[in-house]
Amino acid sequence: MTYLAKPKFRHPSLEKNERGFTRRDYEGSISTLCAGCGHDSISAAIIQACFELNIEPHRIAKMSGIGCSSKTPDYFLGQSHGFNSVHGRMPSVLTGANLANKNLIYLGVSGDGDSASIGLGQFVHCVRRGVNMTYITENNGVYGLTKGQFSATADRGSKSKAGGTNTDSPIDLVSMALLAGATFVGRSFSGDKPQLVPLIKAALSHNGPAFIDVISPCVAFNNHAGSTKSFDFVRDHNDAVNRLDFFEGRAEIVTDYEPGTVQDVEQHDGSIIRLHKIADSYDPTNKVATMNYLATHHEKGEVVTGLLYLDPNPKDMHQLLRTVDVPLNRLGVKELCPGAKALDTINDEYR
Amino acid sequence: MSIDALDAPAKRSRPGMKPTDISNPDYFHKVVDCQWACPAHTPVPEYIRLIAAGRYADAYMVNWKSNVFPGVLGRTCDRPCEPACRRGRVEAEPVAICRLKRVAADNKGEIRDRLPKPATTKNGKRIALIGAGPASLTVARDLLPLGYHVVIYDQDPAAGGMMRTQIPKFRLPEKVLDEEVGFITDLQPELRMGKRVDSLKAVLAEGFDAVFVGCGAPRGRNLEIPGREEAKANIHIGIDWLSSVSFEHVDKIGKRVIVLGGGNTAMDCCRTSRRLGGEDVKVVVRSGFEEMKASPWEKEDSMREGIPIHNFLVPKEFTHKAGKLTGVLFEKVKAEFDAKGKRSLVPSGEPDVHFECDDVLVAVGQENAFPWIERDAGIEFDKWGMPKVDEVTYQSSNPKVFFGGDAAFGPKNIIWAVAHGHGAAVSIDKFVNGLSVADRPPPFVTLASQKMGIHEWSYDNDIANDLRYKVPHLPNEVALKDVKAEVELGFDRELGYKETQRCLNCDVQTVFSAKLCIECDACVDICPTDCITFTENGDEKDLRTRLTAPAKNTTQDIYVGDGLKTGRIMAKDEDLCLHCGFCAERCPTGAWDMQKFLLETAQAGEKCQSR
Ligand SMILES: Cc1cc2nc3c(=O)[nH]c(=O)nc-3n(C[C@H](O)[C@H](O)[C@H](O)COP(=O)(O)OP(=O)(O)OC[C@H]3O[C@@H](n4cnc5c(N)ncnc54)[C@H](O)[C@@H]3O)c2cc1C
Ligand SMILES: Cc1ncc(C[n+]2csc(CCOP(=O)(O)OP(=O)(O)O)c2C)c(N)n1
Ligand code: SF4
Ligand code: SF4
Ligand code: SF4
Ligand SMILES: [Mg+2]
């Protein structure tokens, strides 16, 4: 089986962004995932989001663990920094990198196995520390790479491809992220780019721990009747609470909507997230109401998607730790080893 | 969480474009841009793949069947296929389709045993062909194996028409023409060479079942300006002069030559002059350089041989002294455009220009002439003196008389003559069998999957990034010494192979099956040229603006598939598809398949009658 490189020829009318790049300049090497895997669509959504945000590829660090989902950073942003860590350990590697150089944009890509099983502790702690990042789980309810065992996000009662029934209670990563203090939480579907792309753009611009759970059907092991992570199931049970537009600056915003149908939320960096309400009463800035909504609708068998929670004024790890403005990796020996005298002064503070 | 039964019925789609009917042969034929543009509908990508595989004889036969003169055309064709080639829409230049045809011809080896044999039983029908150019020869090739008795008349001593008398030998060696004309004369027509036909009525009186007029457009236009009469000894009509060169009645020309005219005949005149003693040879055209009728490559070839092209000069007078030509006086003009964008040439007001010369070749156009067709032979002529000929059946107002090639609709080229010949042969075959000529036989079409494995196809789907390869030429020092030395050397096998790799295999079609599609978007994401969209249906104009990439080229179709679960449609813009098969490779369900579409135009014979 050979994988040819994607042909270089492109559509002549392909747009260039402010950096002079086309969308295709944000691609990576050719995917080796199964044909039709939801993860490839998420890669395409990340490519589109970075293109639209005019991001210079070298400003991004993409980090991942192990799994089909964790392989995907190879298939997008070929010009960016990347680190493919061990299983479930992406969060600590990302945290370390962020501590060393807070000037990069951190994109963590993981799977439901990588984050909800072996890496669950890492996931929760990374979120609670307030690391400034976009954390995406490509959630297919199985361990795809190891041939389709149920993962911890599989719903109780769902069927495996071979016919077995999952008896364990599922972990809902969205609820866990909320509990752990994520300041941006969303859920989407790999088959719905109009919803997913602006969500990724908003998350990348968010200055705090942003988490997106993306349901991403595994076509090889979890796209059959009886699965709750299949294309058909998600399409039939998708309860989108809102759709969003993302604007980088105030200037480009036009307002011609019925009052009450949209809600504009301004983020710390001046960017605006415009929510087109679908569920009338849904207010994504109210955390308690959000958790309530999620629990009620999960009971009904619905997959709640959209921007679920947002704290427009988050604090990130560096603010919480009061680190210096200059990224740590730029400090010289002089600043890092200020000498015995400086140590004495510090010690004196604790006497 | 409750788990429902999943098989929800498909949602109804919005009104808009109708789903594409791929069983209509025209649909996929149009996608094969080159074949669609070729008047004889040669299956181009099919023969290009055969060349790549080193199967030159097979590639030759695919050509021979469609266009009858692959060796000739591989050197001289007007190549309408190349401007149509898809490659030219995704990068700078089209595939060198024409010169690849020559690679097949040059390397074919011995193929006589693959050609039809003279008919052993005759059907008793007699057909007369007037003129032995490519149009008539095509009719002969198609009818002879069926048992017809075919009589070919030509005033010239050898068959070939203008391929022999006009096209210079340095572009088309005699042996190439002789071989391919020979393939037809081997089928044993009755040749009446060196015999000019002076009366159509006399031919009809011989009792032929049908007559085909393929006498070409034999008259070169004259230029009636002052001095024409006085200096006539050194002013020659281009096509008459070229045929004299061809028959070796003329073998030299003056040192300083002016060629008047901007078409392909002018290019052959100037290049021939350079080989017969012309040292200072120039071409002078009325129009701008860009608007000249000559093909870009012919202009390039002329300039490479040191022939300047002067433009915006209208000949005013032949100057002469003591009854001998001394030069040509020109008025300088410029192009002006009216509100509708229509161009006219108006005097620029600058002083006239005089070029000195020893000889002038007038190549300002060609005309039809039918002095030998009596006006009461049952054939209607229009006010321009052209016969009224049906564009599909080639039948004239005398049902027994058919026209084709340059004689039918004015001067064109060899490949059109061949296409007319095939069409006329079908009509004649039907006519003499008492069938309706208007009822045209459909083409033979096959569509077959190319899938061999998950990432394996029986065609080479890797896209080469190579730019167009240049055909090597003889150096000028050698080429200009001999009017018969072929100047283009052609691609050798290695270069030819490289050029074949530029072909995008446009005949390997993307075939969509909506009922298999699970709308996973994998094909949309992978497609390098953004051809595929899943969206709400709408009318074509609206839909074209809503696709992944705008579909602005309205000459290319949108392939619509409906019946998807979400009620959306699949819309594929055919315009820039690379036929790379990546959509099919990434499709988890086989909803896309790459299928080879082979179309062969029906030719005269039993099959065409029974269908
Ligand atoms: C200088 C020049 C260069 C050209 N170069 C190219 C080229 O590179 N590529 C290309 O595709 N096309 C070229 N063409 C055009 C091409 O040659 C013609 O379009 C093509 O040959 C037409 O074919 P035909 O069968 O209609 O007639 P022709 O080839 O013109 O043949 C007609 C034949 O009928 C004979 N004839 C006419 N009247 C009578 C009569 N009354 N009795 C008996 N015989 C008669 C003529 O002698 C002639 O042999 C060129 C034309 C010219 C003038
Ligand atoms: C420490 C360790 N334990 C177990 C494995 C085996 N393993 C590889 S991938 C994987 C699960 C991946 O599941 P998920 O993160 O959901 O990724 P998917 O393939 O489904 O996208 C496991 C258990 C491993 N590679 N390393
Ligand atoms: S096994 Fe599943 S998750 Fe892995 S590549 Fe295949 S479809 Fe995607
Ligand atoms: S063959 Fe498929 S993937 Fe390739 S260009 Fe055409 S539509 Fe796109
Ligand atoms: S890859 Fe196949 S199944 Fe997926 S959307 Fe395209 S055609 Fe449909
Ligand atoms: Mg998984």
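Q: Where does A:Ser115 sit, and is A:Ser115 buried or exposed?
A: Start with how elements are named: helices (H or I, at least four residues) and strands (E, at least two) are DSSP runs, numbered from the N terminus. In this predicted model, A:Ser115 belongs to helix α4 (residues 112-116) of chain A. Next comes burial: buried means under 20% relative accessible area, exposed over 50%, and partly exposed in between (1.4 Å probe, protein chains only). A:Ser115 has 0% relative accessibility, so A:Ser115 counts as buried.

Q: Thanks! What should I keep in mind about numbering and confidence?
A: Residues are numbered from 1 along each chain as its sequence is written, and chains are lettered from A and ligands numbered from 1 in the order in which they are written. Because this is a predicted model, local features need pLDDT of at least 70 and side-chain atom pairs count only at pLDDT 80 or more, while totals for chains, interfaces and linings use all residues; side-chain values use heavy atoms, with hydrogens and water left out.

Q: Which side chain does A:Ser115 contact?
A: A polar contact is a pair of N or O atoms within 3.5 Å; within protein, one must be able to donate a hydrogen and the other to accept it, and residues adjacent in sequence count only if both atoms are side-chain atoms. Here the side chains of A:Ser115 and A:Ser110 are joined by such a contact of 2.6 Å. For another case, look at A:His276 in strand β12 of chain A: its side chain makes a polar contact with that of A:Asp245 (2.7 Å). A:His276 is buried as well, at 18% relative accessibility.

Q: How many salt bridges are there over all chains?
A: Side chains of opposite charge can pair when their charged atoms come close. The cut-off for a salt bridge is a side-chain nitrogen of Lys or Arg within 4 Å of a carboxyl oxygen of Asp or Glu. The whole structure holds 66 of them over all chains. One of them is between B:Arg164 and B:Glu174 (3.9 Å, N to O). B:Arg164 lies in helix α10 (residues 162-165) and B:Glu174 in helix α11 (residues 174-185) of chain B, so this pair ties together parts that are 10 residues apart in sequence. B:Arg164 is buried at 9% relative accessibility, whereas B:Glu174 is partly exposed at 34%.

Q: Finally, where is A:Leu328, and which residues form a nonpolar patch with A:Leu328?
A: Patches are made of residues with over 30% relative accessible area and no salt bridge: like charges are joined within 9 Å, and nonpolar side chains (Val, Leu, Ile, Met, Phe, Trp, Tyr) within 5 Å. A:Leu328 is in the loop between α10 (317-321) and α11 (333-336) of chain A, and is partly exposed at 32% relative accessibility. Together with A:Val324 and A:Val326, A:Leu328 forms a nonpolar surface patch with about 210 Å² of accessible area (Shrake-Rupley method, 1.4 Å probe; for residues, only the protein chains shown count as cover).
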